[in-house]
Amino acid sequence: MEKDLKEREVIKHFSHPHPLVLNEDQSDQTKEACCNGCLEPLFGPCFSCGECSQFHLHKKCAQAPLQITHSPFHREHPTLTLKSSINGYCDLCKEPRDMFSYWCSSDDSDACLDIKCAFLLHNIDGNFHELNYVGHQHPLTFFENPIDELKTASCYWCQKPLIDSVYVCLNCRFYLHKKCAQLPPQLTHPSHRKHYLFIENDWFVCKLCEKVRWGLFYHCLPCKFDICIECVQSRARFTKIEDSSHHEHQFTESFRNGSFVCDACGTEGNYISHNCSSCHIMIHEKCISLPRFIKITRHHHNMTHNYFFQKKELESHGCGICLSEVKAEYGSYNCLRQDCNYVVHVNCAIEDDDLFHVIDQDEAADEENSKSVESSITDIMEVNEHGDAVKIKHFSHQHCLMLGDKTSGDDDDDDDGKQCDGCVGSISDSFLYYCPECDFILHKACAELPRRKLLWFHQSLTTLNLGEIFKCGKCDRLCSGFFFEDDSYWHVYRICVRCATISHTLRCEGHEHPLFFYFKFGGKCNGCGDTCEDGAYKCKDCPSALNFECITLPKATGHKSDEHILELAFHDRMDDESEEYYCHICEEKRDPNLWFYYCAICDNSAHPKCALGKHPFIKKKIGITFPYGYHPHRGDHDLIFVKALYDTCSKCHRPCVDIALKCTDPECDYIIHLDHCDGRFFK
């Protein structure tokens with residue numbers, strides 16, 4: 001054994017205190033080991049420590065030069081020195097390293113090149129293939145087969161991984177694929193024959209694919225014409241149709257000098273069209289793969305794409321989403337049912353991925369069989385001579401409910417101020433369902449709501465439930481009563497009945513034109529003046545817009561400051577522009593152009609928030625818990641509705657009359673009016 005060791009090469013390496021012995025073949029001990037220099041698995045001849053058996057080096061790593069001079073990687077200083085296992089980042093591959101690395105020996109530089117990148121760079125026999133590139137100030141060095149670490153970087157212009165031969169700037173870590181670096185500095189293109197296009201580097205919008213990009217592109221300065229590299233290199237004449245469910249024929253790509261109108265979607269296209277000679281249509285490239293059958297959330301039937309109206313009675317029709325005209329000579333999505341004239345623009349139908357999904361032909365044809373409506377009324381126990389259900393069982397209440405025109409047999413005067421337990425609206429209907437054993441009341445319309453409902457602004461099916469207090473995900477109000485909930489959503493998603501039952505298109509009493517909901521609207525609401533953060537109901541004929549909060553305001557309300565009912569008004573008569581307008585409740589100024597509540601008898605006006613109170617859609621019932629996240633006395637405790645007699649509000653120090661909120665901790669005397677609860681702290 002000693003003789004065998006003497007015959008093998010032994011070296012002393014600066015990175016380890018013990019001698020290292022050369023092993024020409026792998027042993028069982030080294031098969032699972034890695035090189036301490038480059039951290040790669042051991043292969044071929046390697047040096048190992050004969051004393052501790054824990055240190056190994058590839059022969060190549062062990063014999064690596066201690067210094068590299070005049071490296072193209074670091075031209076500022078002459079020498080790079082090899083050091084062992086110093087944590088840092090390699091400036092070539094941009095990876096964190098805990099391996100042998102070459103470091104600049106100058107005090108004012110921390111340039112680092114790990115040993116793997118050093119082998120890559122200096123194994124080119126001293127002949128560095130360099131390129132002076134038009135888009136970069138430094139020469140670029142060519143690498144035929146980049147190491148895996150370098151492949152994690154991206155090409156400067158196309159942003160794709162460096163999987164092929166690459167050019168690298170060793171001064172500022174600028175990377176280009178070989179094919180990208182060899183792009184011509186100027187060219188001509190069929191889409192723009194007037195002038196030469198010159199390569200540039202900046203932000204731009206490609207005229208062909210209409211995408212916003214950053215990087216290299218070809219530019220015509222006189223015409224302000226920009227085209228991306230992908231569109232320059234895409235010269236395919238025929239577009240292959242992989243799925244005949246979209247279109248059964250092949251399209252021919254044509255370059256154009258002017259614009260055209262796409263026959264599939266009815267919007268303008270520029271410079272490139274795709275033509276079907278069999279159908280005589282000309283479309284955008286993106287419209288080649290338009291789905292033939294879809295289901296949208298804003299219509300209860302399935303839809304199909306057509307290149308023109310196929311219903312003879314339809315010469316022109318308004319889009320069911322944006323209300324603008326759908327031209328019969330261009331493509332649109334139409335309702336599959338022959339007795340339904342619902343039609344929408346292509347871009348309106350598929351604008352938001354969350355509001356439609358693609359269906360196949362079998363699903364489209366099987367629509368009638370898949371329909372089922374689950375009622376909230378679980379049992380009809382009695383029916384009158386007109387066929388009305390007069391005694392029912394409802395999922396939301398433990399007792400039977402009776403149909404009547406008054407509540408619980410009380411006098412009509414006692415009904416004033418009572419609220420529906422479903423929508424928390426006032427009881428004004430002539431018919432409602434009431435519980436003869438307790439004070440539970442439902443409007444007839446609320447009792448007949450479906451148990452399962454597809455909301456037009458949400459793709460998944462929702463379920464009707466009854467809650468004590470919750471925050472509506474659409475109008476952002478604190479509410480109680482019925483809500484529609486999606487249990488499959490990634491967080492709690494609850495929508496109050498007012499928002500769930502309103503249509504995506506409507507007419508508003510305060511506006512002369514029809515309104516449609518536009519998800520991307522971010523301007524001011526004409527009802528309250530607030531910025532619309534989640535879209536708004538927009539007018540197609542004028543700039544007016546209304547948010548969910550204003551659209552769902554009650555048409556009338558009562559307030560203790562006026563003995564009459566206050567009705568919702570939409571703007572004041574401004575006979576004198578210098579006249580100032582005030583709220584009769586808070587006595588602060590109000591904007592006469594915004595909505596308000598008004599008593600015509602007393603000539604009193606009020607801000608909606610003053611007339612309705614802070615939480616108008618919470619039904620105050622003794623014993624209901626209010627999950628409040630801010631409690632200055634004893635931390636994070638819930639509050640509960642109680643009957644207040646002689647208590648003083650802990651917030652405003654005024655007497656708590658009627659119902660107030662008290663801490664659930666029996667040792668805490670914290671009690672406040674409901675109006676002092678900030679919705680931001682609702683749990």
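A residue is called buried at under 20% relative accessible area, exposed at over 50%, and partly exposed in between, using a 1.4 Å probe and protein chains only. By that rule, 46% of the 683 residues in the protein are buried. The model is predicted, with local features needing pLDDT of at least 70 and side-chain atom pairs counting only at pLDDT 80 or more, while totals for chains, interfaces and linings use all residues. Residues are numbered from 1 along each chain as its sequence is written, and side-chain values use heavy atoms, with hydrogens and water left out.

**Overall make-up**
- The protein has twelve helices and 50 strands, taken as DSSP runs (helices H or I, at least four residues; strands E, at least two) numbered from the N terminus.
- Its accessible surface is about 36900 Å², with 48% belonging to carbon and sulfur atoms; areas come from the Shrake-Rupley method with a 1.4 Å probe, and for residues only the protein chains shown count as cover.

**Surface patch**
- Trp-203, Val-205, Val-212 and Trp-214 form a nonpolar surface patch with about 450 Å² of accessible area together.
- Strand S16 (192-205) and strand S17 (212-220) each give two or more residues to this nonpolar patch.
- Patch residues have over 30% relative accessible area and no salt bridge, with like charges joined within 9 Å and nonpolar side chains (Val, Leu, Ile, Met, Phe, Trp, Tyr) within 5 Å; a salt bridge is a side-chain nitrogen of Lys or Arg within 4 Å of a carboxyl oxygen of Asp or Glu.
- Trp-203 lies in strand S16, and Trp-203 counts as exposed because its relative accessibility is 59%.
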